[in-house]
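Hello,

Here is the structure I promised to pass on. Please open it first, then read my notes below.

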Amino acid sequence: MYATIFMSSFQLRVFQKPLHFFNLANQICSLRPPPFSRAPLRSFSATNKMADLEKKPDVEDPEKKKKKEEKAREKELKKQKALEKAAKLQAQQASNNPKRSEKKVVKRGGEEENPEDFVDPETPFGEKKRMSHQMAKQYNPSAVEKSWYAWWEKSGLFVADVKSSKPPFVIVLPPPNVTGALHIGHALTAAVEDTIIRWRRMSGYNTLWVPGMDHAGIATQVVVEKKIMRESQLTRHDIGRERFVSEVWNWKNKYGGAILKQLRCLGASLDWSRECFTMDEKRSKAVTEAFVRLYKEGLIYRDLRLVNWDCVLRTAISDIEVDYIEIKEKTPLKVPGYEKPVEFGVLTSFAYPLEGDLGEIVVATTRVETMLGDTAIAIHPDDPRYSHLHGKFAIHPFNGRKLPIVCDAILVDPKFGTGAVKITPAHDPNDFEVGQRHNLEFINIFTDDGKINSNGGSEFAGMPRFKAREAVTEALQKKGLYRGAKNNEMRLGVCSRSNDVVEPLIKPQWYVNCSDMARQALDAVMDEENRKIEIIPKQYSADWRRWLENIRDWCISRQLWWGHRIPAWYVTLEDDELKEIGAYSDHWVVARNGEEAREEAGRIYNGKKFQLSQDPDVLDTWFSAGLFPLTVLGWPDDTDDLKAFYPTSVLETGHDILFFWVARMVMLGMKLGGDVPFRKVYLHPMIRDAHGRKMSKSLGNVIDPLEVINGISLEGLQQRLEEGNLDPKELVVAKEGQVKDFPNGISECGADALRFALIIYTAQSDKINLDILRVVGYRQWCNKLWNAVRFAMSRLGDDYVPPTNVNPDVLPFSCQWILSVLNKAISKTVTSLESYEFSDAASTVYSWWQYQLCDVFIEAIKPFFAGNEPKFESERSFARDTLWLCLDNGLRLLHPFMPYVTEELWQRLPSSRDSSRVESIMICEYPSTVECWTNERVEYEMDLIDSAVKSLRSLANERRERRPAFVLCRNDAVTKIFSSHQLEIITLANLSSLRVIGESDAAPGGCAVSVVNENLSVYLELQGTLSPEAELEKIRKKMDEIQKQHDKLSKMMNVSGYREKVPTHIHQENVAKLSALMQERLSLEEAGQHIEAQGNGQ
């Protein structure tokens, strides 16, 4: 029983797969190995020659072969020159009226090619892109991505219609800081959010994506202060508040534009008509209104509490601006303002003399300088060592202050150290609480810039705090009170902006009472019966609960000049004894402006003379950021936008600001807006460099998205560092890091490749280790995509008109298959997008284009177009229609991830009959499944063919010449499949011929053989003598492997209680697996016997 099919020499040349279809994909860090290239399950070779099954083809004459090769080289040389000329012209992009080329090159099919036909004409800004007459022969991201965005924006395609009847879908862009250029983390945010918005827009929603920028109070002030110091050697205090704020506005106007440009380059389809800035007039008015309303409800108050203080910046800082260094032992660290490194990780012990000649009590501390502010010593009430000291006092050795011995079971662990703890209520969070519990004195010993003040004693006043540390230690030694020092493990808080060691200081500040709002925010996520917000990934819900259940009141004032001035005025009465601002805590009035403040003060202090002074402090940046979902839509005014688009649909941001921003938006949104600000929260991973390190300017590993999009040399990268604010030592380290990571700079990748890589990376848990080479890989994949569409367009022809519908029942096998798997890709992509599994969605689209359309379908239909043979006329027509359906659906499916290249390619597709084409792919309908396309039988058959082709390719082992092959089928069903689809197998496996044989036929000789499964083996003819011993050894190893699998499964099935515990369908599957393994082992035994017989016959 034989079925065979042969191919003409003409077809052999036509069907030889172009190398670029294989090579480019191999360079990508693939999501999975491409089909038809993975190693088969079982493979070995027979040694006998081909019997009489087939004659070998004649050997080609060497002289003819040589002449053919020379002609081929000449042809390639001409093509290369033409491509170089076209590339040069494309790079220059000609002029508005390019001259016609006088010289035409490259003859093809009797027609001459004009290189200018492959170059895009210049497009006036904002007009629809004018594309070249012919598709360029290579993908060029800068050429493809040019002009589209300006046209999209000018055409109003991003603008949401407040009066639309479509359901709204709203995202507020987390406002990037105005401190400079966007980094790669912002690019991840933009890529994810634009993917969501473009998909929803194509799915029939009235989408609104609101852009904005954050004034970033402390970050911006630090940057501008450094700039002024570098350029003029002046501080902000030297130039004054008004001039300094003016300098910051200049900075904002310069760098804000850079940020917006980058967002446009990324393809972010933001509604620029609604662009806002946290300190513009409308947002500033809203911030003031929020403060006033919360104050009047008693939720904002002023109090004297402990804060994180930065002595360099001279301001309180938030917890998110504190980085912690883990110190294991004595460690010298560089601290701003100190020439020599300061030692940390040292526990110093010293003694306090006790009143009444009771001896001494020994305490220990890592901050010995704070003993100047000690006001008590705490012991455990049940500690017998100190029971005689209850109610007694110690004496401070430097100022004689009496320090009460207080009993505190909450703070003191009698088993730790000496069991006695020095208490400095004004400079330690735990001591602060002890001070409140025992009504202790709070003595601040530091100035705002970190020097010892007069409360610390004349001996130490004026000393910087860490020099005072040394001085206090020496003074204790002189008094005989020093008891030694030892290594101590500790966490050291450092300001992320200034690198200064954070100092806890007691300061009067404004606070928000968060307890009630936090309970509501907690219920919004955790109340299963009335859940208002879903957090994705779910594991962060536990963090949400932990933080909100333990929330503290929020300090919202900052001692800065850049930011929203606190709308509070201090009233100084004429008869007040103390005149300094804040001297009396009850003299504050809160109002929307100075005039309203004066009216309020006049009402309170009726008939008294007074002066008003506005609080010089500004609000924490997170306060205005927390209001952002409300204020961008016009709150506190009852605007159309607020009514139509609040609450928003989803917040997408990094998990690191879940509490500092997300929770505060929820609290303020529910309190002031009457509802949660968004229905879902998607938290993306944090981006690290390829080595897993946090991106830092001082390490030189910060990546500018534009540098990835456009490419940049190493020299360019280092020039960017030199223009920054790094000090000379940091600059050296940063440059060394760049030389190591980017020795050749960064290749031009384009926005599409960068976006796609970032989306794929979201599969990683909470961190992304970004390797730029992977982005480069997706840029190369764009070239694969480009060439696939270019090939397809050449097969469609200039006069092709797509049909209105296609009946899959009459299509060729490969056409039925590609539509069926396209259906599955559409379903999986949409399902993944709906569940916020963006990596899965992108991977699904990628896999369909790469492994099914390009690697299989386009290759499988090539015989239909070879020579325009009449016998394939029907198949050609059906293949064109199917190809057009695939391109149209595939490009729309890919568009949210890669907007530029899909727009360019889709615009080149011919329009369908009887349909008015929309102007852009971005407002097309997103693909949906077509029920009649699904064909499980065809997919099963192609999977079987896939397995056979992979095995044949593996046997070929990189050999490019076509060879005869045989398929041994062990049942009628498999025989029928392979007899029906020989053309597809020959084409995909690169064969010269194929014969289908049965178990009763003699096994072909001189062939390598692979057992695909228990029902199928494939044979590929190989030239030369093969080693029977080596092939038999391979068979023995495979048989051992199968036996192990069989024994393991049998053991599992024979375990006591197996039948009772395992569902029936699982048991049936296991029985089938055992049978298949045994059948495969028998097939291997049979093959081994055949090899032995052939070896003995030699």
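A definition to start: two strands pair if DSSP finds at least two bridges between them. Keep in mind that this is a predicted model.

Now the sheet. It is open and has 4 strands, in the order β10-β9-β22-β24. The pairing is antiparallel. Strands β10 (315-317) and β24 stand at the edges. Each has a single partner strand, so one side of each is left without a neighbour in the sheet.

Next, look at β22, residues 503-512. Its pairing with β9 (residues 300-310) is antiparallel and covers 10 bridges.

Find V512 and you will see W554 of β24 opposite.

Is β22 enclosed or open to the outside? Buried means under 20% relative accessible area. In β22, 9 of the 10 residues are buried, so the strand is largely enclosed by the rest of the structure.

Then move to helix α19, residues 658-673. How many of its 16 residues are buried? The count is 14, so α19 too is largely enclosed by the rest of the structure. Just after α19 comes G674, with a positive phi of about 80 degrees.

Best wishes

Technical notes: Residues are numbered from 1 along each chain as its sequence is written. This is a predicted model: local features need pLDDT of at least 70, side-chain atom pairs count only at pLDDT 80 or more; totals for chains, interfaces and linings use all residues. Side-chain values use heavy atoms; hydrogens and water are left out. Buried means under 20% relative accessible area, exposed over 50%, partly exposed in between (1.4 Å probe, protein chains only). Helices (H or I, at least four residues) and strands (E, at least two) are DSSP runs, numbered from the N terminus.
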